[in-house]
Amino acid sequence: MLNVLGAEIGKGLRVQLSHPIGHIITLLISTTMYLGLQFVLGQGQLRQDLLPQTLVAIGGYWFLQYAALVMVADLIEEKRAGTFAQAQMTPAPPWLPMLGRLITASVFGLAVAAVAALVPMLVTGITIPVRWAAILPVLLLGVNVLAFTFLLAALALVSPMIGALQSLFTALVLLLNGSFLPLVFYPDWLAVPARLLPTTLGVEAITQTLFEGRTLAEVWSGGTLPWLIAHTLVLTAVSGLLFVRNHRRALQES
């Protein structure tokens, strides 16, 4: 099983590293878009009081957007080439190659998010404090993002509309997870649906620990941490069940 997992990760890394120009363009567009939007929203200036919180939020978006892009594009290419069924001809369980793809997607998603966030920090002098209390929310945000990436991959197995669905969902995340303005500025009627999207609750928990100095106990008693855990567990369960169902259908149709 480890050989299959290692082979899948190695194949994914080689494919991604063979196209460095695409990654460079993605980084340039991501950082330019963020700084441009903040300049417009700040009415001609970069608001130093808002930049740290929005940078955390858009970092979560970049991780999700790029991890999903890598994983879904790989699956779509295999289905179009007719090699998806051949790739499943292994004694390993079907979830193992998908786990390898997910690891590859998370590596590149993290790399792009880290570099894209570093550029605005250097350009504008943004500083983000480091607090131990933020470790758990950061880990939960990562699992939350990967569960949603796995959900998109499960949809990609059977849906010809996955490209449109992926664009729609990631655009909603960008608009509502706090990448433009921190969630505290949202009206209640908008904040509630925003928290249903992936990354929003994770970003909210991280910013509470980093910028408001709250402890994990305070984040828990405030309701953000238990809702983040529940959201992540539900998303993971739904993506797993959907993958089992759609993987069976995809093999029957191949």
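This is a predicted model: local features need pLDDT of at least 70, side-chain atom pairs count only at pLDDT 80 or more; totals for chains, interfaces and linings use all residues.

Modeller: Begin with the word pocket: on a grid over the protein atoms, it is an open set of points with protein on both sides within 12 Å along at least five of seven lines.

Colleague: Which residues line the second largest pocket?

Modeller: Its lining is made of V15, Q16, H19, G22, H23, T26, Y66, L69, V70, A73 and D74. Three helices, α1 (2-17), α2 (20-41) and α3, each supply at least two residues of that lining. The largest share, 5 residues, comes from α3.

Colleague: How many of the lining residues of the second largest pocket are nonpolar, polar and charged?

Modeller: That lining has 5 nonpolar, 5 polar and 1 charged residues.

Colleague: What is the volume of the largest pocket?

Modeller: The largest pocket has about 590 Å³ of space. Its lining counts 25 residues, and V56, G59, V138, L141 and I206 lie nearest the centre. By class, 21 lining residues are nonpolar, 3 are polar and 1 is charged.

Colleague: Which helices each supply at least two residues of the lining of the largest pocket?

Modeller: Those helices are α3 (51-81), α5 (95-124), α6 (135-156) and α9 (200-211).

Colleague: Is α9 largely enclosed or left open by the rest of the structure?

Modeller: For this step you need a cut-off: buried means under 20% relative accessible area. In α9, 11 of the 12 residues are buried, so the helix is largely enclosed by the rest of the structure. The buried residues are T200, L201, G202, V203, E204, A205, I206, T207, Q208, T209 and L210.

Colleague: What span should α9 have?

Modeller: Count 1.5 Å a residue: the 12 residues of α9 should span 16 Å, and the end C-alpha atoms are 16 Å apart, which agrees. Just after α9, G213 takes a positive phi of about 70°.

Colleague: Which residues does UniProt list for "transmembrane region"?

Modeller: The unreviewed UniProt entry lists residues 21-41, 53-77, 98-123, 135-158, 165-186 and 225-244 under that name. You can then compare such a record with the model. Over residues 53-77 the chain is 100% helix and 0% strand, with the end C-alpha atoms 36 Å apart. Residues 98-123 are likewise 100% helix and 0% strand, and there the end C-alpha atoms are 38 Å apart.

Note on methods
Residues are numbered from 1 along each chain as its sequence is written. Side-chain values use heavy atoms; hydrogens and water are left out. On a 1 Å grid over the protein atoms alone, a cavity is a set of points where a 1.4 Å probe fits but cannot get out, and a pocket is an open set with protein on both sides within 12 Å along at least five of seven lines; lining residues have an atom within 4 Å of a point. Grid points are joined across faces, edges and corners, and a volume is the space filled by probe spheres set on the points. Helices (H or I, at least four residues) and strands (E, at least two) are DSSP runs, numbered from the N terminus. Ala, Val, Leu, Ile, Met, Phe, Trp, Tyr, Cys and Pro count as nonpolar, Asp, Glu, Lys and Arg as charged, and the others, Gly among them, as polar. UniProt positions are given in the numbering used here, feature names are shortened, and annotations may be inferred rather than shown by experiment. The expected span of a helix is 1.5 Å times one less than its number of residues. Buried means under 20% relative accessible area, exposed over 50%, partly exposed in between (1.4 Å probe, protein chains only).
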